[in-house]
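Dear colleague,

Please find below the structure that I am passing on to you. My notes on what was found in it follow directly after.

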Amino acid sequence: TADYGIAALQRCAYVADDGYRDQALLWPGKRRDWIVVIHGHGSREDQLYTRPDIRRLWLPALRATGAGLVTPHLRGNAWMSPAATRDLHALLAWLRRSRGARRFFFFSGSMGGSSNLYYALRHPEDVAALVALGAAPDPAAYAAWLAGFPDGSIQRQIRDALVSAYGGRPETRPAPYRARSAPERAARLTAPLFFAHGERDALMPVAEARRFAAAMRASPLF
């Protein structure tokens, strides 16, 4: 069990296929649907329950749907790396087997919103619908943008975490970045999608959000 003042909240510890030990928080709802909430950079699986603004604004609305809530740690600041993608895919499969989960709805912002897009590109069969708020839709372009900031800045810290999680820079290891480029692979985003981005976002370039929006408009699914 977990606390945070939420009845029935459970902590699920697991070991990934490469031996990595991780965890997720589960709140079982009244339906077989589950909402996946992935935390932002620098946070953990409990962000939904501990960050005051998110707990106040998001948590009551999500619980009111009657769906279960799953908030995974996913290797910390992994930006839906290949390893984190495998972990989440296995976690959702386990929820189907053990909890009778039927559909998964993704609702996240910042790194979590980016991760929603990246995961939907890799496993569209797992995503019934997704909300991505303030996301970086192309990890390679995002890494290049972050590289323009000085050492020690939060932007460079994010870049270092992203490059480390992906096993190298986009120039030297392009495949995992390309596989998660929402502007280049927009046609794979077949589920209903809500995407929003603020013009003054200092951590995620709005120009990339606009490039993604243009790609979605050009998609045959639009």
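His197 is placed in the loop that runs between strand 7 (193-196) and helix 9 (206-218); helices (H or I, at least four residues) and strands (E, at least two) are DSSP runs, numbered from the N terminus. The model is a predicted one, in which local features need pLDDT of at least 70 and side-chain atom pairs count only at pLDDT 80 or more, while totals for chains, interfaces and linings use all residues. Residues are numbered from 1 along each chain as its sequence is written, and side-chain values use heavy atoms, with hydrogens and water left out.

With a relative accessible area of 19%, His197 is buried; buried means under 20% relative accessible area, exposed over 50%, and partly exposed in between (1.4 Å probe, protein chains only). The His197 side chain makes a polar contact with the side chain of Asp201 at 3.4 Å, and it also reaches the backbone oxygen of Ala135 at 3.4 Å. A polar contact is a pair of N or O atoms within 3.5 Å; within protein, one must be able to donate a hydrogen and the other to accept it, and residues adjacent in sequence count only if both atoms are side-chain atoms. Not counting residues up to four places away in sequence, His197 touches Gly134, Ala135, Met204, Pro205, Val206 and Ala209, where contact means heavy atoms within 4.5 Å.

Gln155 belongs to helix 7 (residues 154-166) and is buried, at a relative accessible area of 10%. A polar atom of the Gln155 side chain lies 3.2 Å from the backbone oxygen of Ala202. Beyond residues up to four places away in sequence, Gln155 touches Leu146, Phe149, Ala202 and Leu203. Gln155 and Ala175, by contrast, are 20 residues apart in sequence and 23 Å apart in space, C-alpha to C-alpha.

Next come the strands. Strand 2 is largely enclosed by the rest of the structure, because six of its seven residues are buried. Strand 2 pairs with strand 1 in the antiparallel sense over six bridges; two strands pair if DSSP finds at least two bridges between them. Across this pairing, Val15 stands opposite Arg21 in strand 2. The hairpin of strand 1 and strand 2 has five residues between the strands, and Gly19 there takes a positive phi near 90 degrees. Strand 2 is also joined to strand 4 by four bridges, and these two run antiparallel. Leu26 stands opposite Val70 in strand 4.

Helix 4 (residues 82-99) has 18 residues and reaches 25 Å from its first C-alpha to its last, close to the 26 Å expected at 1.5 Å a residue; the expected span is 1.5 Å times one less than the number of residues. Buried residues of helix 4 include Ala83, Asp87, Leu88 and Leu95. The buried residues of this helix pack against strand 1 (10-15), strand 2 (21-27), strand 3 (33-36), strand 4 (68-72), strand 5 (103-109) and helix 5 (111-122). Just after helix 4, Gly100 takes a positive phi of about 70 degrees.

Leu88 also features in the largest nonpolar core: of its 47 residues, Leu88 and Phe106 touch the most other members. Such a core is a set of buried Ala, Val, Leu, Ile, Met, Phe, Trp, Tyr and Cys residues joined through side-chain atoms within 4.5 Å. Helix 5 gives the most to this core, with six residues. Another core, of 15 residues, lies apart from it, with Ala2, Trp27, Ile35 and Leu59 among them.

Lastly, the aromatic rings. Rings of Phe, Tyr and Trp (its six-membered ring) pair if their centres lie within 6.5 Å; planes under 30 degrees apart count as stacked, over 60 as edge-to-face and the rest as tilted. The count by this rule comes to eight aromatic pairs. The rings of Trp145 and Phe149 have centres 4.9 Å apart and planes at 70 degrees, so this pair is edge-to-face. Trp145 is partly exposed at 29% relative accessibility, and Phe149 is partly exposed at 25%. The rings of Phe195 and Phe212 are also edge-to-face, because their centres are 4.9 Å apart and their planes at 85 degrees. Phe195 lies in strand 7 and Phe212 in helix 9, so the pair ties together parts that are 17 residues apart in sequence. Ring pairs also link Trp79, Tyr142, Trp145 and Phe149 into a cluster.

With kind regards
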